[in-house]
Amino acid sequence: MATAAASAPAAPLGTLVCASLTARSPQEMAAEVAATAALGADVAELQVGCLDGFQPRRDLPVLLAQPRPLPVIVAYRPKWEGGQYEGEDETRFETLLLAMELGAEYVDIEFKVADKFLKFLSGRKPETCKLIVSFHNYECTPSGEELLSLVDQIQATGADIVKIATAATEIDDVSRMFQVLVHCKVKQLPIIGLVMKEQGFISRILCAKYGGYLTFASLEKGKESAPGQPTVAELINKYEIRQIGPDTKVFGIIGNPVGHSKSPFLQNQAFRSVGFDAVFLPFLSDDLVKFLNTFSSPDYAGFSCTMPHKETAVRCCDDLDPIARDIGAINTIIRRPDGKLVGYNTDYVGAIAAIEDAIRASQPTDPTTSPLARRLFVVMGAGGAAKAVAYGAKEKGARVVIANRTFARAQELANLIGGTALTLSELENYHPEEGMILANATSVGMFPNVNDTPLSKKALRNYSIVFDAVYIPKETRLLREAAECGATVVDGLDMLVRLVMVQFGLFTGGMPAPQRLMREAILTNTQ
């Protein structure tokens, strides 16, 4: 592979944070550049094709006037590459040349017309302006060999910076882009390599680990210029992208959905507070086995597993904590230094402790025993979370009943833990005694289906304690209606804060969790 153009610098401060701006007027876009600078970004990308009635000689001087708070990339994307411009290439080329002459620090041109553009420039590009030659694939991510060939072809045009943006059909696609970033880092070739869509989200953060020149973000939610973009504030504050480097350990939550998870915010704040060099990310994946095989580097050191992977995860592990083995489901995987995967279950700790504390706070209890002892404890669900809650309740001496839509699955779990089984329809009229405890371990009522509930309000009158493992929203319909019936309610956030503290210790090799920080963070960052 040829060496990089002499004028192309490596990213001076690690991976740069660039806000991609799509305002409709020059004045609004200029104001957004200032807002971007105030948030701490390094660069602003001006998508001038988004401007209403764009007139280059009128509008570019407004956008590029000095003093300017940030360096800018000027992009004038044609419709055939995902943009708005539908005219002749030469008119667009003249606009980009004018941007160079007015002091734009970067100009972006598409690989398909890069040779034609450079011929048009005929040596008129100022030394102070860097040329980004970009390739976008909005359908998929090509093979590693195709991506490396594309890098060579883009570099051969005379690009100062190579840009390749592809689309993820699954999260594993991102690993090929990481390989390309590492290759270019070794060659000292500046590259922007990103994978779009939610499955590609991690590329926008971990490019900092693998030497990416720049990553794109939106100014705020709702102003994304490409699918899967985080906001500037998320990159800088939530994920601390400027602290991410080659030695940063990677942790994350694997599941579908994961976008609602509060774990990244909680764990990243906790890592930062104790000086632990790590980042915690959402990993959207439907295939746990493939994910673990793809992201098998020791740097991918631990994972939280959520729906639908808690039972599958057991089969993926080389070893299991004894409690996790008994439950038959795990929510935490740790990769040991020898590469072996060890599974743990912290769900039961979080759920049971939250329910016990709620009972102690609302009713007189015997301090020498668990307040769950001898109580009738009904668990809705039969998946991994239900297994953990049922196991924990049984360990505390409760009489456990499993209720599930599919009776066979309820029966299977009931047999496993020594309980009885019901269908959810039978649960509607189930009232053998007063003071029962109900625990919802299904996803019914989770955002966005906030009007759903697993049990009628009429049936809720039979319970004195109602717990819901769902925590988005904090007050589910189930909990709201249970409270209206006079029950003591326990929300999923109480469980979450406890289980993530246990996970923190597993992730960090035994560091004590910053309990107050994590509890305050979760209570102040919920919907």
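The side chains of T423 and S425 are joined by a polar contact of 3.0 Å. The model that shows this contact is predicted. T423 sits in strand β17, which spans residues 420-423. Is T423 buried or exposed? T423 counts as buried, because its relative accessibility is 16% and the cut-off for buried is under 20%. Which residues does T423 touch, leaving aside neighbours within four places in sequence? They are A403, N404 and F407. I402 is 21 residues away from T423 along the chain. The C-alpha atoms of T423 and I402 are separated by 8.2 Å.

Strand β17 belongs to an open sheet of six strands. Their order is β17-β16-β15-β18-β19-β20, and the pairing is parallel. The edges are held by β17 and β20, the latter at residues 488-490. Each has a single partner strand, so one side of each is left without a neighbour in the sheet. From one strand to the next, the twist averages 20°. Strands of a sheet pair through backbone hydrogen bonds, in either a parallel or an antiparallel way.

Now move along this sheet to β15. Four bridges join β15 to strand β18, residues 436-440, and the two run parallel. Within this pairing, V379 stands opposite A439 of β18. A helix covers this region too. Helix α14, residues 384-395, lies across β15, β16 (399-404) and β18. The direction of α14 makes about 170° with that of β15.

L376 is found in β15, which covers residues 376-380. With a relative accessible area of 5%, L376 is buried. How many residues lie between L376 and I437 in sequence terms, and how far apart are they in space? They are 61 residues apart in sequence and 6.3 Å apart in space, C-alpha to C-alpha. I437 is also one of the contacts of L376, once neighbours within four places in sequence are left aside.

An unreviewed UniProt entry places "domain: Quinate/shikimate 5-dehydrogenase/glutamyl-tRNA reductase" at residues 373-439. Over residues 373-439, the chain is 40% helix and 28% strand. The end C-alpha atoms of this span are 15 Å apart.

In the unreviewed UniProt entry, the annotation "domain: Shikimate dehydrogenase substrate binding N-terminal" covers residues 253-333. This span is 36% helix and 25% strand. The end C-alpha atoms of residues 253-333 lie 10 Å apart.

Next comes helix α13, at residues 347-362. Helix α13 has 16 residues and reaches 23 Å from its first C-alpha to its last. That is close to the 22 Å expected at 1.5 Å a residue. Which residues of α13 are buried? They are D347, Y348, G350, A351, I352, A354, I355, E356, A358 and I359.

Turn now to another sheet. Eight strands form an open sheet here, with parallel pairing. The order is β7-β6-β5-β4-β3-β2-β1-β8. The edge strands are β7 (191-196) and β8 (214-217), and each pairs on one side only. The twist averages 25° from one strand to the next.

Strand β4, residues 106-110, runs parallel to strand β5, residues 130-136, and five bridges join them. Y106 stands opposite K130 in β5. Two helices lie against this sheet. Helix α5, residues 144-156, lies across β5, β6 (161-167) and β7, and runs at about 145° to β6. Helix α7, residues 203-210, packs on the sheet and touches β7 and β8. The direction of α7 makes about 150° with that of β7.

Helix α3, residues 89-101, has 13 residues. From first C-alpha to last, α3 reaches 18 Å, close to the 18 Å expected at 1.5 Å a residue. Its buried residues are D89, R92, F93, T95, L96, L97, L98, A99 and M100. What do the buried residues of α3 pack against? They pack against α2 (56-64), β3 (72-75), β4, α4 (114-121) and β5. After α3 comes G103, whose phi is positive, near 105°.

Technical notes: Residues are numbered from 1 along each chain as its sequence is written. This is a predicted model: local features need pLDDT of at least 70, side-chain atom pairs count only at pLDDT 80 or more; totals for chains, interfaces and linings use all residues. Side-chain values use heavy atoms; hydrogens and water are left out. The expected span of a helix is 1.5 Å times one less than its number of residues. Buried means under 20% relative accessible area, exposed over 50%, partly exposed in between (1.4 Å probe, protein chains only). UniProt positions are given in the numbering used here, feature names are shortened, and annotations may be inferred rather than shown by experiment. Two strands pair if DSSP finds at least two bridges between them. Axes are lines fitted to C-alpha atoms, for helices over the stretch in contact, and angles run from 0 to 180 degrees between N-to-C directions. Contact means heavy atoms within 4.5 Å. A polar contact is a pair of N or O atoms within 3.5 Å; within protein, one must be able to donate a hydrogen and the other to accept it, and residues adjacent in sequence count only if both atoms are side-chain atoms.
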